[in-house]
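I opened this entry to keep track of what I looked up.

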Amino acid sequence: MLKSLVRAVGAAVRLSSAPSAAARALPLSCPTNRSPGSVTSRPFTRSLWMLNSNGASSGYRPKLFSSKVLSPSVSCGCGGLHTEGDKAFGNFLSDEIKEEKKIQKNKTLPKMSGGWELEMNGTEAKLTRHLSGEKVTVTFNVNNSIPPSFEEEEEAQQQQKPAEEEPEIVSTPNFVVEVTKQNGKHTLVFDCHFPEDEMSHGEGEEESDIFAIREVSFQPEGDSEWKETSYTLNTDSLDWALYDHLMDFLADRGIDNTFTDELMELSTAIEHQEYIKFLEDLQSFVKCN
């Protein structure tokens with residue numbers, strides 16, 4: 001009786017362990033690497049694997065479930081996790097930072113014409129100008145300022161043009177213009193942006209505005225937060241004559257196509273500097289420097 005019971009238990013154990021063994025034998029699938037040809041040429045790359053010789057071009061990928069990753073080796077006194085994957089990541093970031101610095105167009109931030117004073121607070125930039133008793137302030141943030149691109153459009157452009165003729169990707173941030181008069185209790189605020197269909201004005205064609213006004217509102221002078229209780233004029237359904245006067249109002253204060261062209265150049269330089277700084281901080285974090 002006891003022997004029968006032991007045989008029954010042994011059979012049950014073998015049956016219950018069979019699926020687990022089969023599951024462990026199943027191969028782990030990895031995501032397919034995107035080919036380098038599907039990435040748009042740009043003045044600075046954002047693909048962490050395309051420029052590196054150990055990256056996607058060579059077929060290398062760190063194995064997420066390898067025994068090396070699961071068996072970390074602590075090599076410094078920080079007490080953090082250190083793996084072979086971290087080491088490979090840190091080495092790659094070193095190469096990436098060198099490459100980004102090599103292709104960086106502006107080592108220093110370009111100057112704005114017209115007497116604008118620049119003040120930086122992280123990724124936020126503020127331009128200030130005093131003009132005949134008025135204070136004009138333009139504020140923008142470079143975060144999320146690179147227009148999104150789509151694979152189909154990228155592939156179509158690469159088929160039509162050689163890589164060296166690809167248009168450069170520039171930062172086109174939303175920006176806010178504040179106009180304050182001396183002894184004024186309110187500030188006239190313009191919420192502006194760069195619409196995609198107005199980004200180009202070719203030679204021989206009538207020059208059009210490369211930026212647009214989205215909203216206009218009076219806000220209490222000195223308040224940093226937009227008050228939702230203040231009336232806001234949306235320009236989507238605005239009379240064109242009134243809209244043109246608002247654009248002329250800004251142009252008289254130096255907010256025109258020349259200014260916005262320079263703003264995009266400045267924003268692009270700031271965004272690239274912040275990207276390089278992020279890579280350096282990421283490298284320091286990964287290597288625990």
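Entry 1. I looked up Trp116 and found it buried, because its relative accessible area is 9%, under the 20% cut-off. The model is a predicted one.

Entry 2. I then checked Phe259, which is buried too, at a relative accessible area of 3%. I counted the aromatic pairs in the structure and got five. Trp116 and Phe259 form a tilted aromatic pair, with 5.0 Å from centre to centre and 45° between the planes. Trp116 sits in the loop between α3 and β1 and Phe259 in helix α6, so their pair ties together parts 143 residues apart in sequence.

Entry 3. I turned to Trp240 and Tyr243. Their ring centres are 5.4 Å apart and their planes stand at 80°, so I noted the pair as edge-to-face. Both belong to helix α5, where a spacing of three residues separates them by about one helical turn. Buried or exposed, I asked of Trp240? Trp240 is exposed, with a relative accessible area of 63%, whereas Tyr243 counts as buried at 11%.

Entry 4. I followed Tyr243 to Thr235. Apart from neighbours within four places in sequence, Thr235 is in contact with Ile213, Arg214 and Tyr243. Thr235 lies in the loop between β7 and α5 and is buried, with a relative accessible area of 12%.

Entry 5. I traced the sheet next. Seven strands make an open sheet in the order β1-β2-β3-β4-β5-β6-β7, with antiparallel pairing. β1 (117–121) and β7 (232–234) are at the edges with a single partner strand each, so one side of each has no neighbour in the sheet. From one strand to the next the twist averages 20°.

Entry 6. I looked at β5 (residues 186–193) and β6 (residues 212–220), which pair in the antiparallel sense over eight bridges. Asp191 stands opposite Glu215 in β6. Helix α5 (residues 240–251) packs on the sheet and touches β4 (175–181), β5, β6 and β7, its direction making about 75° with that of β6. Helix α6 (residues 257–287) lies across β1, β2, β3 and β4, at about 45° to β3.

Entry 7. I checked Lys111, in the loop between α3 and β1. Lys111 is exposed, with a relative accessible area of 78%.

Entry 8. Phe175, Phe194 and Phe211 form one aromatic cluster. The charged end of Arg253 sits over the ring of Phe249, 3.7 Å from its centre.

Definitions and conventions. Residues are numbered from 1 along each chain as its sequence is written. This is a predicted model: local features need pLDDT of at least 70, side-chain atom pairs count only at pLDDT 80 or more; totals for chains, interfaces and linings use all residues. Side-chain values use heavy atoms; hydrogens and water are left out. Two strands pair if DSSP finds at least two bridges between them. Helices (H or I, at least four residues) and strands (E, at least two) are DSSP runs, numbered from the N terminus. Axes are lines fitted to C-alpha atoms, for helices over the stretch in contact, and angles run from 0 to 180 degrees between N-to-C directions. Contact means heavy atoms within 4.5 Å. Buried means under 20% relative accessible area, exposed over 50%, partly exposed in between (1.4 Å probe, protein chains only). Rings of Phe, Tyr and Trp (its six-membered ring) pair if their centres lie within 6.5 Å; planes under 30 degrees apart count as stacked, over 60 as edge-to-face and the rest as tilted. A charge sits over a ring if NZ of Lys or CZ of Arg is within 6 Å of the ring centre and within 35 degrees of the ring normal.
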